[in-house]
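Work through the exercises below with the sequence and the model at hand. Each task is followed by its solution.

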Amino acid sequence: MSPPGGTTGKGLGAYGTLPPKDFYSPKACSNCHGDSSVSSGASLGSLPYEPLNPDNLKFLPSPSDCPAEIYWPDSLKTYQDFVQVNPYLKGQNYLDTLLVSRQGTFPLEVRDTSLDVFLGLKGPADFPKFKLDVPHDAQLCAGPAKPGGSGFEACEGLQIELKDEDIGLTLDGLDLLSTQNLDLGIAGLLGVKFRGASVRDGRLLVTLQLADPLLNAGFPLAFTNEYLLGKLNPTLQKLLRSAAPNPYDPDSYDLDLTSLVLEKMPVAYRVATGEAVNFSEYQAATDKPGLKTIPYLFNMAREGKFPDRLSFNQLYEAVTEYQKNVRPSDKKQDEAQQAILQKLFETVSLRARLHPGRLLFKNLYVEFADEPDKNLLETQLSVKNLKDVSLALMAPLHITRLYSPGGIDITELKGDLGLSYRSTGDSKLRLDNLEELRLDNLEIEFGRMEYGGAQEKGTPSLLGLVGKLQRHFRLDPTKPGKLAVLGGSITGLPDPFEIPYASKPALLVRGEPGVGLTAEVNLRMEGLRLRLPMVGEVTLHGKIEGGMRLVPKIVVETLADGSNSEKTLWVPEPNSTHLRLSDLEVVTEKGQRWSRASVEVFDDGLWSPVPAANSPSAFVTKIEVPEMTGGSYSSLRIDGGMSVPKDIDGLYDFSELAKAFAAEVTMQAVRVGGNPEAWNLNLSGSHRPDSTQIKVALDSRETDPAGTLKRRPLEGLEINFDRNLIGDQTSFSVEAKAKSLDFPAIHLSSPKLELNASLEPTKNGGFLYTVPNLKFTANPWKDMPKTGVIRGPVWIEQKNFKKKSPLTLEIDGAAPTFEIKNLNLHFGFLGFTHEKMVKATGGRITGVDVDGALRGFWKMDYDAFRGKGLLTLAGDAGGEGDIHLRGADFLRLAKDDPRDATRLVEIPIFSKTTWTLWNILGVDPDKERINGAFKLSTKVDPAFARVFNVIIDNGKVLNWSMTHDHLPYTAKGYEKKMEEYVAAKAAEEARKAEDAKKAEGGKTP
């Protein structure tokens, strides 16, 4: 089996001995090859689809004998059966393999191309120490000059050939630079005609001819007469000594520039400093171990000759390494040189014709159709006087595959591309100088864009977009444009079949710049899988329809100096926005299902929760789920909206909306038992740069079908949020309270929250949070609930050690660390009750009381998950005990007071408990535990066992202490710890049995 095109054969020894045939390997050739052949990257994906068999998910097989280095990306690493029934994945992996194998090489593969360069010179120009007389409009061309032509048309392009899968330019005998009508007069004494420059036999030669025949006859004396040479500078001496008659034209002379160029060329660099080193400096260097050569340039300088063929791959690697590792010097640009160039050059023009084959970047694969009249990019760039720029580009495109791993997959793209750019007085490319960008007759067919990676169980999470885009798109200040996707769907699995295109566009964008822009969408979802926090994986089916029109709005701002400034904002046109998701089928991984659901968002001038003369429009949301299974509700409906004021221009005024906004949301639901449930939310407030105020009111009620009140899930909740900015400090205040919260698992009466905090930036770019007040209370003694898991008082409060030392959290802006100081959080909940606990104890235990505090300080590196400080989880500081049990009478368990037999005292199970953490050394993800220094100490009163009719010495309190170097952070981590403990105990028992057997002379004990 041969390697895929473009990959590098490494040989069978590259990875050592091949593993057994049933061994999974991420470099398995079968991951991207078929069983016996290598398919084209462009054709893979049209293979027949077979049903998935999730019951047999074996790992992929071992590598075959293919010597190519195969790469299996994490985004596509999955199970063997899934790949076998989705051959499209092999095609994707083939392309990923190809992209990785091409790293470090020139990314473009071309079929044919040509390049014309034209330099229009003007003269005379004054150079230091001598004068260069250049006839006006003299011409220099890259490549041979066409006889009889003028200007740009006199230039023939340099031809770039394709050889050995590499773009190359044959240099030997090629005219690199030719001339027409260019005569040079140096100091008015010597007339010289520049013929051109070329490479012959590895030498870079400049061909000159003297204009005066007499001087031409005597010119050889100039480079043989040592007396004359001695009068010149060393560089000119070396140049003239290299001169020789041109073998093709005896009246011309070749000057060899090879040594002059090669001796200046960087061939290596110092790794520590990034300083470039030429060949002579490299030879004389005493610190060669600290030098890194650039092989392509180094070999050229060492051989003292230019290659006969310029390899773009090798040159690309050399330039890439140079740019990455060699740091430029701090020398300022020579301004005199810029002045000379401006006097010398009038026009610099470049014309390129390119017929590409493939483009392979790190994360992009493009395959161009092999059609003579397609993909022929023609570009013309002209710069006059080094400042006036004009650029034109046009090309009929036909791309058969555009692929980016985990990003996009386009299987067909056609269109006519055009670009026009013109800039006067500034040679920098700026967007505002773009005259026209157009893509006419555009057609795009999407493949499957896949997201998600490997999972421990089940099939991979994939998202594919399949569709077709057609029409034309134009960015032109004076002309309209339109872009449309004809049909399309979002699918959960790769679908190799053709999807019939809908009559409505899946995506349509049209309009005119400066007037308005309209967008419409019409898609369908088929098996789309999303993973949501606290919900898990959700699978969606349904339709998406929507539209919006954006129009320009002129906004006038008053600047600090009192002047006005206008800017244009694009805002939705009133009554133009609508989005509808219909026929929704939603299924969660826990088995909950929503059927025939719909979600609708639109703006409606007739809806307004709060009457307002300047608010004739509003954004409205409607959600309806007529069928729900697997949860607490059987149906659901949500209606809501927010008024949006308009300006005198009839458009939305969002700045006024921020100053005073109001919204209302209502929910009508039916519980599984048939009871209706209603919720009502009111939101109001204002927002300005230096302050924000938000008020929330929420209320709900559950009734029976006859309308009788059954419960108030959330009664009278009020939330007030305030933000104020003074200087660099932002202060926050949150106050929340309710009459009650009544849910199946928890019931809280009179809950109340108070929070005050501030935020300010630190010098190193981080933030300092300060919390002077944090307090939450619920279930006061006079109003304790009789249902739920907590039936006694609840409190959480930060108690500051001193007024000037509140709780602080500082996040470092220069390093991934944070620091907590002055933590002193007291907490307690009394009467924790659970049905399983009551049932397990036969009603003897009906509740648990917990009372304690979390104190200390801590500094953490959250990148390395390492930290140190002192954190202590301590029991009740008042000495009443940390954990108590409540008996059948819901009173705390008690025993006789040893000092007074007529009295009873409470029995705390645990008292004076401290759980201390000094440092965290890291996390062990395999065992799911945190490694660090932990210690637990407590006092245990065994008298609580009396409730089970078990009498233990109740006059003595036991002291218990334990240190440990890790702490599991998941339930599975505790299971693994228990497995280790059981295995250790079994090994200990086995050793005891073996020792006993040896002690009895070999008899089995």
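**Exercise 1.** What is the mean pLDDT of the protein chain, and what percentage of its residues reach 70 or more?

Solution. The model is predicted. Its protein chain has a mean pLDDT of 76, and 74% of the residues reach 70 or more.

**Exercise 2.** Over residues 449-503, how many contacts beyond four places in sequence does the model have?

Solution. The model has 190 such contacts for residues 449-503, but pLDDT stays under 50 over that stretch. Residues 606-615 also stay under 50, with 23 contacts beyond four places in sequence. Where pLDDT is low, predicted coordinates should not be read in detail.

**Exercise 3.** Describe how helix α8 packs with helix α9.

Solution. Begin with the geometry: α8 (residues 295-303) and α9 (residues 312-325) pack at about 110°, their axes 8 Å apart. Angles of 65 to 115 degrees count as roughly perpendicular, so α8 is roughly perpendicular to α9. Next, list the residues: α8 contributes P295, Y296 and L297, while α9 contributes Q314, L315, A318 and E321. Finally, sort the residues of this contact: five are nonpolar, one is polar and one is charged.

**Exercise 4.** Is R886 buried or exposed?

Solution. First locate the residue: R886 lies in strand β50, residues 883-886. Its relative accessibility is 10%. Buried means under 20%, therefore R886 counts as buried. Then examine its surroundings. A polar atom of the R886 side chain lies 2.9 Å from the backbone oxygen of F890. Leaving out residues up to four places away in sequence, R886 touches several others, among them L830, R844, D849 and L893.

Terms used: Residues are numbered from 1 along each chain as its sequence is written. This is a predicted model: local features need pLDDT of at least 70, side-chain atom pairs count only at pLDDT 80 or more; totals for chains, interfaces and linings use all residues. Side-chain values use heavy atoms; hydrogens and water are left out. Axes are lines fitted to C-alpha atoms, for helices over the stretch in contact, and angles run from 0 to 180 degrees between N-to-C directions. Helices (H or I, at least four residues) and strands (E, at least two) are DSSP runs, numbered from the N terminus. Angles under 35 degrees count as roughly parallel, over 145 as roughly antiparallel, 65 to 115 as roughly perpendicular and the rest as oblique. Contact means heavy atoms within 4.5 Å. Ala, Val, Leu, Ile, Met, Phe, Trp, Tyr, Cys and Pro count as nonpolar, Asp, Glu, Lys and Arg as charged, and the others, Gly among them, as polar. Buried means under 20% relative accessible area, exposed over 50%, partly exposed in between (1.4 Å probe, protein chains only). A polar contact is a pair of N or O atoms within 3.5 Å; within protein, one must be able to donate a hydrogen and the other to accept it, and residues adjacent in sequence count only if both atoms are side-chain atoms. pLDDT is the predictor's confidence in each residue, from 0 to 100.
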